[in-house]
Amino acid sequence: MKRKQLWFICMLFVAIGLLVGCTGENKDETGETEEVNEDNRTLTIALGTDMVSFDVHNHNNTSTEAIHINMFNYLVKRNNDTGEMEPDLAESYENIDDLTWEFKLKDGVTFHNGDALTSADVKYSLERAATDTTLLDHANYRQIKEVEIIDDTTFRIHTHEPDPALLNRISRIGSSILPANYIEENGFDHFLANPIGTGPFEFVEWVRDDRIVLTAFEDYFNGKNEEWDEIVYRIIPENSTRVSELLTAGVDMAVNIPPSDWVRVNENEGTYLAQGISNRTLMIFLRSTEGYPTEDKRVREALDLAIDNQAIVDNILGGAGTPSITRVGPGDVGHAANLYDTYNYDPERAKELLAEAGFKDGFEMTLHSPRGRYLQDAEIAEMVAGMLAAIGVTMHIEFMEWSNYLELRNAGENKDAYLLGLGNSMFDAANALDYYRYDRFIGQLDYQNDEVEELLVAAEQNMDVEERNEQYIKIQKLLAEDVAHLVLHQESINIGVVDRIDYTPTMDEMIYIESITRK
Amino acid sequence: MNYIVRRMLQIIPVLLIISFIVFTLVFIAGDPVALMLPDDATLEEIEQLRESIGLNEPFYVQYGSYVFRVVQGDFGESFRYGQDALSVVWERLPATFELAIAAIIIAIMVAIPFGIWSATKQNSSIDLIATGAAVVGKAMPNFWLGIMLILFFSVTLGVLPVSGRGSFAHLILPAITLGTGIAAEMTRLIRSSMLEILNQDYIRTAKSKGIKSVQVIYKHAFRNALIPFVTITALQTSTLIGGALITETVFAWPGIGQLLIQAVNTRDMAIVQACVMIIAAIVILMNLLADIIYRILDPRIKLD
C-alpha cells in the first residue's frame, strides 16, 4: 500500500507540473505575463470601477469620463498646461452678446460610422443635456436655452441668463457631441450598445465589469493615433490585485495606487508611480448653526490653527498633496494663488482663541467621515482629531458607510462637522464657491456671509472676465478670513505605470490616450 | 413527476417572500438618488431627480408596481447601467457558473480521494494530515487565500495570470480559492460517512466473502457514502455564490457576485433584486435537484 501512496503522490506532482506547464504556454499566447514587448501597440489600463454607461450625458463619474474623452469630443477643451480653453470640435467661437455665443465647427469631422458632424448633432446633444431633467448632470446644463442652427457648421448657443462659465460647461461631463442621425435612425438603446463618437478611438466591445476595448479610428480629424492600435480598459476593483497586475506587467497602467504600495511600485523593476495634483480638495465642513461651538468665528479659526496641514500631507500622504486655504485650485478660473500651497498653524494662538470664545477647557464635537472614499480619509480624520486634542478639543469621529453619510447630511442630521473631498470638473470658481451659498445648506451648515452672497450673485453672471476673477478672489479672501470651513489639502493622483510608456497625470483626472507615448 | 411539479410550484411563494424581504431591506437601507448625483448636489437637485424617476412614491405603491412588473419578467431598469436589470444579470451568469463548476470539480477531485483515503487509514499520519488540512482549508478566508495565491503564483513565480477572465489559466487561481473551503468540507464529510459505512455489517460480510478491498471500498461503501455527499454538494450552491462575491472581487472575475456587490454599493435596487431572485431560484432548484439525485442513488427513498 505504501507503494500505492507513493504512486499517488507522484501522480499528483505530475498533474500539478502539467497544469503549470499548460498555463506557461497559455501565458505566452495571451501575452498576460510574458516579457514586456516594447513594440506592443495595445495599451492596457486597469481601472478600479467599471464604466457607468455610454450615455455620456447621464452620469457624473470621473473615471467613466476618462474613457469617454477618447471616444467623444467636446466643442472646446481645456488645455491642462495653460488652463486656457481651446477649440476642439469647434474651429472658432465668439461671444455675440451676454446671452448668445456663436460657434463654427471644424470641417472634415466625421463620426466613427462615417457621418459628417453638423450643427444638428450639436443641437441634439446640448439640448438633450439642457432639457431632460432625468439626466444626472442636467443641473449643469439647464442654463442653456436653445441651440440655433445657422448652417451645417455654424450654430448659436442661447442661454437663459448671462453665463460666463459656458465654455467651461461645454468642455466637461455631459456635453459630448453625439450623432443625432444615427440615434434617430437606430434608437438610443442601439447607440448604447454600439456607441459612436468623433474621438480618436472607436468602440469594439464592453464586457461589463471585465473590460472595454477601443481601437484607433482611421479617419480621426486630428489624424489617426500612431502610438496605439488598441486600448483595453480592465476593471479590477481590488487594490492589491490591481497592483499585482501592474507589477507583473499584466497591465500597462493602474489607477488609484494606494499609498501603502507607492514604494513597492517605484522599487519594482519595470514600473514607476506617476503622480500629479488632482482638482479634488479635502475639507472639513463646519456647522455655523446657532448653538454649535463652531458658530463662533474664533472657534473655527482655533480649529484651523490647530491643524498642521503639511504634517498630514507628509506623514499620511507621503508628501503627495498640497496644503491649501481655498477650494479653488490652480488652473481653475478665479484661483487665488496666495491662498494655495499655504496653511495656518499656530496651536498656541488656537488655545487663546478658544479661551476668548469661552472654551478655555475645550469642548467636544463630532466629525462624520467616510472611510475609503478619499485617499487615506480615515487616517486623516484620526490625525486631525489628535491635533485638535492638543488644544483641548475632543473630536469624536463617526465613520460612516457612504450612502448613510449622504442621507445624514441631506436630512440635516449631521452634527458639528463632516469630512468631504470635492472635485471641480468645471474648473471654474463659480462651481467651487457655490458651496458657500447660505440657502444651499440651510439646516445642514448654515454658514452665512452677506458680502460673500452678494459677490457670488454678481460674479455668476458677470461677463467681464477680469472683474469676475477679482470678485472670486475677493470671495476666497473673505472666506479665509472668516474661516467658513477647514480646507485641508488638494489630493494627488497616483497612477502606476510600466517603464515602457511615458505618462504624466493631468489635474482633471482624465486619461488622454493621445498624451501617452511609448518610450 | 407530480412531486417535481409540486415542488416547482412551491418556488413561487418562496420567491415572493424573498422579493418582499429584499425590497424592504433595500428600501430601508437608503436612498439611491443621493448616490447617483455628485457629492456637492443640492437638495433641490436630489428632489428633482427623485421625482423624475418615481422614487418619491410610498413604499406599498413602489412594491406593488415592482411585483406586477416582476411577474411579467421585468425587474426594472438598472440606474447604473441604464438597461434592463435581468439582462445585465443574465450576462453575468455564465462567468459565475464557469467559476462555480470549476471550483466544484476541484473540490470533488481533492475531497473524494482524500476523504476515502483518510477514512480507510483512520488515525494514520495521512488521516491526520488530511483532516488537519481540511480544518485549515475551511478556516482560511477566501479573500486572504486569493491574495496569497496571486502573490505566490503570479507575482513571485509568474506562472499564472493575476486576474480577469479569458483563458483556462485565468480560471485556475479563482477556482482554487473558491474550491478550497468546499473541498475541506467535502473531505470531512466523505471521511465521516465512509467511516460509518465501513463499520456496517454488510461491509464486514463483503470482506469476509473475500471480495477485494478496493471493490469493497468503491463499490459497496463509497456508493452509499455518496448520498449525504450529494446533498451537501447541492447545498454548497449558496456557499459557492456567497464565496463568489469575494472571489470574483479579488480576481476581477465578471460574474454575478461582483455585480451584486457593485449594485449594493450603489443602491442599484433593480440589479440587487434581480440578482437575489435569480440566486434564490438557483438555490431552490439545486435543492430540488439534490432530492432527485438522492432518489436515483438510493431507490429506497421515495420522493413523495
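**Salt bridges and a nonpolar surface patch**

Over all chains, the count comes to 29 salt bridges, a salt bridge being a side-chain nitrogen of Lys or Arg within 4 Å of a carboxyl oxygen of Asp or Glu. The model is predicted, so local features need pLDDT of at least 70 and side-chain atom pairs count only at pLDDT 80 or more, while totals for chains, interfaces and linings use all residues. Side-chain values use heavy atoms, with hydrogens and water left out; residues are numbered from 1 along each chain as its sequence is written, and chains are lettered from A and ligands numbered from 1 in the order in which they are written.

**Pair between chains**

- D209(A) and R92(B) form a salt bridge through their side chains, at 3.0 Å from N to O.
- This pair crosses between chains: D209(A) is in the loop between strand 8 (201-207) and strand 9 (211-216) of chain A, and R92(B) is in helix 5 of chain B. Helices (H or I, at least four residues) and strands (E, at least two) are DSSP runs, numbered from the N terminus.
- D209(A) is buried at 0% relative accessibility, and R92(B) is likewise buried at 2%. Buried means under 20% relative accessible area, exposed over 50%, and partly exposed in between (1.4 Å probe, protein chains only).

**Pairs within chain A**

- The side chains of R518(A) and E227(A) make a salt bridge of 3.5 Å, N to O.
- R518(A) belongs to strand 19 (residues 517-518) and E227(A) to the loop between strand 9 and strand 10 (230-235), so this pair ties together parts of chain A that are 291 residues apart in sequence.
- R518(A) is buried at 19% relative accessible area, whereas E227(A) is partly exposed at 22%.
- A salt bridge also joins the side chains of R500(A) and D252(A), at 3.0 Å from N to O.
- Here the link is between distant parts of the chain, 248 residues apart: R500(A) is in the loop between strand 17 (486-498) and strand 18 (501-502), and D252(A) is in the loop between helix 7 (239-247) and strand 11 (253-254).
- R500(A) is buried at 4%, and D252(A) is buried at 7%.
- D434(A), R437(A), D439(A) and R440(A) are connected in a network of salt bridges.

**Nonpolar patch on chain B**

- A nonpolar surface patch consists of F97(B), I101(B), I105(B), M109(B) and V110(B), which together have about 470 Å² of accessible area. Patches are made of residues with over 30% relative accessible area and no salt bridge; like charges are joined within 9 Å, nonpolar side chains (Val, Leu, Ile, Met, Phe, Trp, Tyr) within 5 Å. Accessible areas come from the Shrake-Rupley method with a 1.4 Å probe, and for residues only the protein chains shown count as cover.
- F97(B) lies in helix 5 (residues 85-120) of chain B and is partly exposed at 40% relative accessibility.
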